[in-house]
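Please consider the sequence and the structure shown below. A report on the architecture, surface and side-chain interactions follows the display.

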Amino acid sequence: MLLDILVAPKVQPEVVTLVLDVLQTLLDFSPETAVEQRLLSEPEAAKAAELTRATIQKHVSQILAHMRTCFSSSLFAAAASNAGASGSGSGSASAASTRGGNSLALRQIRILSRVSEYATRQTADAKALLDLLLPILRKPNSMVPERSKGDVLEIMRRFVPIVLESADLELAAEQRQRVFSAYLDAVSSCFGRMRLETARTTLSEILCILARIDKAQRTRGQTPAPASTPLENAAAVVQGINSVSRASLGGPDFEQRLEAFAQLNERLWSDAQSLDALAWVPVLHNLTFFAQDLEEMSIRSNASFGLVRFVTRVSVANAEHPDEAETQALNRLMTTILLPAIRYAFTSKHEDIRAEFVGVLRKAVRECGVYFDQLRDLMALDSADEEANFFYNIVHIQLHRRLRALRRFRSIVVEKPISDRAASQAMDVDEANGDLDRPNDGDSDSDNGSDSEQETEANQGGKKSTGSASKADRSALLPLSLDRGNEQISPISQANIRGLFLPLFEHWALAEDTSS
């Protein structure tokens, strides 16, 4: 058969491309187009369409099996090309080879998404393909565009029920749970990165499928079955806050989104029976994504309030049931999802985003500082007095209040006088010379706007009122990144200084004075 060429030991990419062309032609056949172009009569076009569907359906298992092998080889070739290009410089031949390997793999993803429509019982092939495709979702957009990731999600939407609900594949309960967790983690993490509305809609559909499968597993043998499980509640919330309006041609449906946020922030957040730690995973990734929405303040503020609710939930769980497995799972979500998201948001050049996450960090330090080593040292910056509270003043509209927060930070971090020589050193916040952990730019959100007018007015007003004093206050902070002696005397860890505060100082404290 023609498809056997795909798994030939020494098949060349050009030959694979020709085979894919034939398969693409079959998948793209449209009887309506054939009739419009007067290539076939209506009865002939209908018969040809039925024959095409029957041919693909008959050989879908072989197509999946062969393309699994071919796709694995294409991924290996693309990875080898990427490694060769990075090792041999930026030569045109290496770049062309890399593009060729990636384009072939991406085309196979597209065809697989079309073939998956015909898959019904090929459980083993479906699982093997998903195992190959899931790592692609974590690739940066510079390597795999979001549209190609959307094709992977379409494959996943069709194959997940085949793998987890089919009786053909004999999976032990523990192995089935591992597979389920891997699919849930992959889908949840994509909510925090992918921006295309079509992709997020597909993610919501996959999450609903996983919630249905989870309910079937949890309620097996129970009579009567519960009305809804925690993951079902989470799927409903996620689907609501990602809802798209049909009337506005794909724009957000604000009524449904705000209703979903209200459901989460007013009712579901406090009850473990409504949202357990597993159900919080996709919800948290969505909240951290929408808390960085530059265009809609209502969406951004509701998402950040949801993060605050989660912090309160973690605090209550640690206070009432510190040794329970559920509490430990919530603590892991705090350290693996929320705190890295705060660190990433602090690197944003947009003040509104930084301010939202400073408020979340303030709440986390105040309510959970005693439970987490990463937050305990930051409790020195918190205060019931707003005049002395670092987190309140560092995002204040008035520049002199921000400088007050910086002076307080310095007074807490530096517990001994600093020499004039150290004070004259320039702060180097370049990532190559420091150990600041920044997320991969390939998955970062694109910056589509400028800083807010409120920030500009505040900076201009503050600079006019403070004059040269602001420069003096900035220079007082310069030794913090380079004086290694501070590492032993500072009550705040170097990891927090570099990962949290240097990005803030880079945007606010180290801004050039452009006032006349």
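The sections below treat the basis of the model, the fold, the surface, the aromatic side chains and the salt bridges.

## Basis of the model

The structure is a predicted model: local features require pLDDT of at least 70 and side-chain atom pairs count only at pLDDT 80 or more, whereas totals for chains, interfaces and linings use all residues. Residues are numbered from 1 along each chain as its sequence is written, and side-chain values use heavy atoms, with hydrogens and water left out.

## Overall architecture

The chain contains 23 helices and 0 strands. Of the 516 residues, 47% count as buried; the term denotes a relative accessible area under 20%, while exposed denotes over 50% and partly exposed the range in between (1.4 Å probe, protein chains only).

Contact means heavy atoms within 4.5 Å. Among contacts between residues at least 6 apart in sequence, 69% join residues at least 24 apart.

## Surface

The accessible surface of the chain comes to about 25,200 Å², of which 51% belongs to carbon and sulfur atoms. Such areas come from the Shrake-Rupley method with a 1.4 Å probe, and for residues only the protein chains shown count as cover.

A nonpolar surface patch is formed by Leu2, Ile5, Val15, Val22 and Leu26, which together have about 340 Å² of accessible area. Patches are made of residues with over 30% relative accessible area and no salt bridge; like charges are joined within 9 Å, and nonpolar side chains (Val, Leu, Ile, Met, Phe, Trp, Tyr) within 5 Å. Leucine 2 is located in the segment before α1 (13-28) and is partly exposed, at a relative accessible area of 42%.

## Aromatic side chains

The structure holds 6 aromatic pairs. Rings of Phe, Tyr and Trp (its six-membered ring) pair if their centres lie within 6.5 Å; planes under 30 degrees apart count as stacked, over 60 as edge-to-face and the rest as tilted. Phenylalanine 390 and phenylalanine 391 form an edge-to-face pair, with 5.5 Å centre to centre and 80° between the planes. Phenylalanine 390 is buried at a relative accessible area of 0%, and phenylalanine 391 is buried at 3% relative accessibility.

Phenylalanine 409 and phenylalanine 501 form a tilted pair, with 4.9 Å centre to centre and 55° between the planes. This pair links distant parts of the chain, 92 residues apart: phenylalanine 409 lies in helix α18 (residues 399-413) and phenylalanine 501 in helix α23 (residues 494-507). Both phenylalanine 409 and phenylalanine 501 are buried. Phe390, Phe391, Phe409 and Phe501 form one aromatic cluster.

## A charge over a ring

The charged end of arginine 200 sits over the ring of phenylalanine 289, 4.0 Å from its centre. The criterion is that NZ of Lys or CZ of Arg is within 6 Å of the ring centre and within 35 degrees of the ring normal.

The structure holds 22 salt bridges, each defined by a side-chain nitrogen of Lys or Arg within 4 Å of a carboxyl oxygen of Asp or Glu. Aspartate 151 forms a salt bridge with arginine 110, and their closest N and O atoms are 2.8 Å apart. Aspartate 151 lies in helix α7 and arginine 110 in helix α5 (residues 92-115), so the pair ties together parts that are 41 residues apart in sequence. Aspartate 151 is buried, with a relative accessible area of 10%, whereas arginine 110 is partly exposed at 43%.

A salt bridge also joins arginine 212 to glutamate 165, with the closest N and O atoms 3.0 Å apart. Arginine 212 is in helix α9 (residues 197-218) and glutamate 165 in helix α7, so that distant parts of the chain, 47 residues apart, are linked. Arginine 212 is partly exposed at a relative accessible area of 41%, and glutamate 165 is partly exposed at 44%. Serine 148 likewise lies in helix α7 (residues 146-165); serine 148 is buried at 10% relative accessible area and touches Leu106 and Ile109, not counting residues up to four places away in sequence.

## Aspartate 352 belongs to helix α15 (residues 351-368) and arginine 300 to helix α13 (residues 297-320), so the pair ties together parts 52 residues apart in sequence. Aspartate 352 is partly exposed at 25% relative accessibility, whereas arginine 300 is buried at a relative accessible area of 4%. Salt bridges that share partners join Glu154, Arg157, Arg158 and Glu205 into one network.

How values were computed
Helix = DSSP H or I, 4+ residues; strand = E, 2+ residues; numbered from the N terminus.
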